[in-house]
Amino acid sequence: MNLSLIRAIWPQVFIIGTSLLSGCGGGSSASSSATTSSQLPAPVALTSSTANLKAYIGDWAAGCGFVVFNGGAVKSGRNLYKLTSQDGVSVSGTFEQYQYSDSDCTKPWPSAGWPPVTSQVTLKVLSSTDVGTPTGAYDNFIGTADKVEIASRSSSGALSIKTSFAAFSELTSLRFTDALPFSSSDLVYKK
């Protein structure tokens, strides 16, 4: 079963992260049904930056995600945060989105020479919060997250400010969500 969740990233650009759940193949028997458990797997532990903003510094790349761009020809995209500097309670750098005219991020839109959509970004940590109690297969996360304010300024000078939540998994993966709880459908950024 393929499930999708629309997440607003910037004005007029929406990312749809996908999760693919696959069931066990083959038949079942009486002996195997006696050992089958309906419990969820162990929750994934997430953590906030715990006031260590250096955790955000670096290049954070997301895999291919489906994109809806003004109903146009862009079908998928890859996002990249390049966070390079820290100042007090914020980090700054750039956000890039590479756009493609197919659904698997192989055919650049509209051509190979097309530059990515780029914005200057500042991520300010407002507070730390509990991610909540797991309630199902798609929000099976525990721990803490940063409540962040993300300000982005496009090359045209337009400013966008939004509040989001950010959390790390072993400081090598970073997730963003617009509202708690986190979901398996959220884009995962890798360092």
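**Reading strands, cores and rings**

Guide: Let us begin with a pair of facing residues: Lys-147 stands opposite Phe-165 in strand 10. Please bear in mind that this is a predicted model.

Visitor: In which sense do strand 9 and strand 10 pair, and over how many bridges?

Guide: Strand 9 and strand 10 pair in the antiparallel sense, over 8 bridges. They form a hairpin with 4 residues between them. In the turn, Gly-157 has a positive phi of about 100°.

Visitor: Which sense describes the pairing of strand 8 and strand 9?

Guide: Strand 8 and strand 9 also pair in the antiparallel sense, here over 11 bridges. As an example, Ser-119 stands opposite Ser-154 in strand 9. With strand 3 (residues 44-46), strand 9 pairs in the parallel sense over 3 bridges. Leu-46 has Gly-143 of strand 9 as its bridge partner.

Visitor: How should I picture the side chains along a strand?

Guide: In a regular strand, side chains alternate between the two faces of the sheet.

Visitor: Which residues have the most contacts inside the largest nonpolar core?

Guide: That core has 20 residues, and those with the most contacts inside it are Tyr-56, Tyr-81, Leu-123, Leu-174, Phe-176 and Tyr-189. Several elements give two or more residues to this core, among them strand 4 (58-62), strand 6 and strand 7 (90-100). The largest share, 3 residues, comes from strand 8. A second, separate core of 7 residues includes Phe-141, Phe-165, Ala-167 and Phe-182.

Visitor: What is in contact with Tyr-189, leaving aside its neighbours within four places in sequence?

Guide: The residues in contact with Tyr-189 include Trp-60, Asn-79, Tyr-81, Phe-95, Leu-174 and Phe-176.

Visitor: How is a pair of aromatic rings described?

Guide: One gives the distance of the centres and the angle of the planes. The structure holds 6 aromatic pairs. Ring pairs link Tyr-81, Phe-95, Phe-176 and Tyr-189 into a cluster.

Visitor: Is Ser-76 buried or exposed?

Guide: A residue counts as buried when its relative accessible area is under 20%. Ser-76 is therefore buried, because its relative accessibility is 0%. Ser-76 lies in strand 6 (residues 76-87).

Visitor: Which backbone atoms does the side chain of Ser-76 reach?

Guide: The side chain of Ser-76 reaches the backbone oxygen of Asp-102 at 2.5 Å and the backbone nitrogen of Cys-105 at 3.2 Å.

Key. Residues numbered from 1 in each chain as written. Predicted model: local features only at pLDDT ≥ 70, side-chain atom pairs only at ≥ 80, totals over all residues. Heavy atoms only, no water. Buried < 20%, exposed > 50% of the residue type's maximum accessible area, 1.4 Å probe, protein only. Polar contact = N/O pair within 3.5 Å; in protein donor to acceptor, adjacent residues only side chain to side chain. Core = buried A, V, L, I, M, F, W, Y, C linked by side-chain atoms within 4.5 Å. Contact = heavy atoms within 4.5 Å. Phe/Tyr/Trp six-rings, centres within 6.5 Å; stacked < 30°, edge-to-face > 60°. Pairing = 2+ DSSP bridges.
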